[in-house]
Amino acid sequence: MADTLKEILLDSSKRPTVVEDLGNLIDEEVEAKSGVSGTVIKTGYGAVKKIKPGMITSAVDSLLDDFTAALEPFYADFKASGTSDFGSYLPTRSSEAADALLSVTDARAEKSDRDSIKKVYDKLRPKGKENVEEALPRLGKLIDKHAA
């Protein structure tokens with residue numbers, strides 16, 4: 001198992017597969033949402049995908065370095081803990097990990113010059129932490145897969 005997330009996720013030979021897998025994870029997480037808030041999320045996500053096809057994959061790729069840096073301290077703690085399953089470990093730090101990941105997207109949204117993207121992001125952001133926390137087990141398992 002690699003020692004750092006940078007080694008796992010940012011290796012140029014693995015990056016396209018990592019980006020594709022993360023895009024699929026996002027699609028699966030959105031599809032799994034239900035109820036009124038799920039409808040809002042699905043509608044917003046669909047709008048983003050309609051505005052610019054391929055935007056999700058492009059966004060994942062452009063944010064991957066920052067997401068990796070945000071999660072690196074959690075991965076270092078995981079490695080030091082001696083546990084072998086990041087998919088189970090990451091949810092034990094769910095609030096902190098979600099905040100770290102959302103700080104990346106918040107900063108990117110703030111810098112965007114596309115009002116349509118800002119509008120959709122602002123609409124989805126209030127439930128963002130809850131949604132990210134729900135995705136952490138799957139994200140941790142995806143990282144485990146690429147670390148193997």
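**View 1. Arg15, Asp61 and Asp65 join up in a network of salt bridges.** A salt bridge here is a side-chain nitrogen of Lys or Arg within 4 Å of a carboxyl oxygen of Asp or Glu. By this rule the count comes to 13 salt bridges. Keep in mind that this is a predicted model: local features need pLDDT of at least 70 and side-chain atom pairs count only at pLDDT 80 or more, while totals for chains, interfaces and linings use all residues. Residues are numbered from 1 along each chain as its sequence is written, and side-chain values use heavy atoms, with hydrogens and water left out.

View 2. Helices (H or I, at least four residues) and strands (E, at least two) are DSSP runs, numbered from the N terminus. The expected span of a helix is 1.5 Å times one less than its number of residues. For the 18 residues of α2 that should give 26 Å, and the end C-alpha atoms of α2 are 25 Å apart, which agrees. Now for burial: buried means under 20% relative accessible area, exposed over 50%, and partly exposed in between (1.4 Å probe, protein chains only). The buried residues of α2 are Arg15, Val18, Val19, Asp21, Leu22, Gly23, Leu25, Glu29 and Val30. So what covers them? The cover includes α1 (5-9), α3, α4 and α8, where contact means heavy atoms within 4.5 Å.

**View 3. Glutamate 28 and arginine 138 meet through their side chains in a salt bridge (2.9 Å, N to O).** This pair links distant parts of the chain, with glutamate 28 in helix α2 (residues 15-32) and arginine 138 in helix α8 (residues 128-147), 110 residues apart. Glutamate 28 is partly exposed at 41% relative accessible area, and arginine 138 is partly exposed at 33%.

**View 4. Glutamate 134 and lysine 33 form a salt bridge, their closest N and O atoms being 2.4 Å apart.** Glutamate 134 sits in helix α8 and lysine 33 in the loop between α2 and α3 (35-51), so this pair ties together parts that are 101 residues apart in sequence. Buried or exposed, what is lysine 33? Lysine 33 is buried, with a relative accessible area of 12%, whereas glutamate 134 counts as partly exposed at 41%.

**View 5. Aspartate 66 and arginine 108 make a salt bridge with their side chains (3.8 Å, N to O).** Distant parts of the chain are linked by this pair: aspartate 66 belongs to helix α4 (residues 55-81) and arginine 108 to helix α6 (residues 94-111), 42 residues apart. Aspartate 66 is partly exposed, with a relative accessible area of 39%. Arginine 108 is partly exposed too, at 34%.

**View 6. Tyr75, Phe78, Phe86 and Tyr89 are linked into a cluster by ring pairs.** Rings of Phe, Tyr and Trp (its six-membered ring) pair if their centres lie within 6.5 Å; planes under 30 degrees apart count as stacked, over 60 as edge-to-face and the rest as tilted. By this rule the count comes to five aromatic pairs. Phenylalanine 78 and phenylalanine 86 have ring centres 5.0 Å apart and planes at 55°, so the pair is tilted. Both of these phenylalanines are buried. Phenylalanine 78 and tyrosine 89 have ring centres 5.6 Å apart and planes at 50°, so this pair is tilted as well. Phenylalanine 78 lies in helix α4 and tyrosine 89 in helix α5 (residues 86-89), so the pair ties together parts eleven residues apart in sequence. Tyrosine 89 is buried, and so is phenylalanine 78.
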